[in-house]
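Hi,

Here is the structure I promised to pass on.

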Amino acid sequence: MTTVLGAIADDFTGATDLAGLLARSGVRVSLRMGVPEGPPADPAPFEVIALKIRTAPVDDAVAEARAALDWLRRAGAERFFWKYCSTFDSTPEGNIGPVAEALMRDLGAEQTIYCPAFPENGRSIFMGTLFVGEQPLGESPMKDHPLTPMRDSNLMRLLAPQVTQPVGLANRLTVARGAKALTARLAELRAEGVAHVVVDAVANEDLQTIAEACRDMPLMTGGSAVAMPLPGLWQADGLLSQAGAVSPPKVGPGAVILSGSCSAMTNAQVAAYRETGAPAFRLDPQDLDERSVTPAIDWLSGLSAEAAPLIYATADPASVRATQENLGAARAGEIVEEALAACALAARDMGRRRFVVAGGESSGAVTQALGVTRLDVGREIAPGVPWCFAESGGTRIALTLKSGNFGAESFFTDALDMLDR
Ligand code: ADP
């Protein structure tokens, strides 16, 4: 089996999000954590490579993305997808634009599209402005993100300083007229030398139109949702065979929830889970800096196997700011990520097999600690958040990696219940 689509994601939860949506089609999806060391063996029709480059220095991000592209080309892929966050998490330096331009150069692509819209999760784009629910991005809780605060809402303005070639817009009035109209608009922009086209989308039908118009581009970029119609379109094109659903593998009991995301939604999820009376341990970055993660691990080892404990650093914007002023943002993030990673490893060694992780960077740290390099993608708990299955330390584990803003308030309970069903 050769790979039809090769996708590169800038963080781990983003990769599972994309992988989960592609897996809805029943086509086999393989998720790799980092660029695999060896050459492709048994590649799946959809290969997603998860990198941890959202906030990496630009040169490092570009180099890693190009290495991923090279591996995917060797797996046989001819179509590629660059996946970033549906809230366009980036800075004026990058990394969304620089990576896209590097991939375009390697592929000889003259043009690509940017569509982070995800209507099911409340992300929509109109006239180039990205909305989170009813708020423009720059007025949403994303303005307080610990690493990539988003203070503008206009995608052309956000992208322009990140790229060297011109940026343009294919707006909703065009998209609403269908795939042919969009194709014509893209050609018109190409003739004007516009390499980077932001495309409006406010509903799933728009994503269908965009995927239809762009499905043969060497490179598409966006959030995960615009990739959702691709499997169906390629099945109709005869590029992919129809696939039956695969039943999820059995995993042992014992769960732990690890939360390092400070998003508004994760704060609500942590509060809701604590209200269930489940055991919970709060990681304080200041404490972790002065002492270590040992108290958390001791606490964990004192719990019964049936308990599904929550270990969290999740905090509200004011306490995150206070911590960052004390420790520096990067150091605070690092301390928390190291602590979550150590807790994950300890939990596995205590016999726990089910891991719910909240936060993109946090998920990267946890999967790295668990030595997970490849995941089989299963059913979604919430849009964009599937359960995945992997080997860790010689045993099978289930993992779900939730991006900060995703899932309902009851997400942690939803996730655990779903594996029992
Ligand atoms: P999200 O998916 O919401 O962006 P991430 O895990 O990617 O979540 O990013 C959250 C970052 O904030 C991580 O680097 C994490 O270590 C850091 N962090 C978590 N808790 C705190 C805290 N209490 N104070 C400061 N930083 C924190």
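**Around the ligand**

Glu361 has a polar backbone atom 2.7 Å from an oxygen atom of the ligand, which is a polar contact (a pair of N or O atoms within 3.5 Å; within protein, one must be able to donate a hydrogen and the other to accept it, and residues adjacent in sequence count only if both atoms are side-chain atoms). The protein covers 95% of the 570 Å² of accessible area that the ligand has on its own, going by the Shrake-Rupley method with a 1.4 Å probe.

Before you go further: this is a predicted model, where local features need pLDDT of at least 70 and side-chain atom pairs count only at pLDDT 80 or more, while totals for chains, interfaces and linings use all residues. Residues are numbered from 1 along each chain as its sequence is written, and side-chain values use heavy atoms, leaving out hydrogens and water.

Back to the ligand. In total, 21 residues surround the ligand, with His145, Ser261, Glu337, Glu361 and Ser362 the closest; to count, a residue needs a heavy atom within 4 Å of the ligand. Which helix gives the most to this shell? That is α13, with 4 residues. Helices here are DSSP runs (H or I, at least four residues) and strands likewise (E, at least two), numbered from the N terminus.

**Salt bridges**

The whole structure has 26 salt bridges, each a side-chain nitrogen of Lys or Arg within 4 Å of a carboxyl oxygen of Asp or Glu.

Glu361 turns up again here, paired with Lys52 at 2.9 Å between the closest N and O atoms. This pair spans 309 residues, from helix α14 (residues 360–370) to the loop between β3 (46–50) and α2 (58–74). Is Glu361 buried or exposed? Glu361 is buried, at 16% relative accessibility, whereas Lys52 is partly exposed at 27%. Buried means under 20% relative accessible area, exposed over 50%, and partly exposed in between (1.4 Å probe, protein chains only).

Arg24 and Glu380 form another salt bridge, 2.4 Å from N to O. They are 356 residues apart, with Arg24 in the loop between α1 (12–23) and β2 (29–33) and Glu380 in strand β16 (residues 374–382).

Asp289 and Arg331 meet at 3.4 Å, N to O, and link helix α10 (residues 285–290) to helix α13 (residues 329–349).

Lastly, Asp10, Asp11, Arg54 and Asp89 are joined in a network of salt bridges.

Cheers
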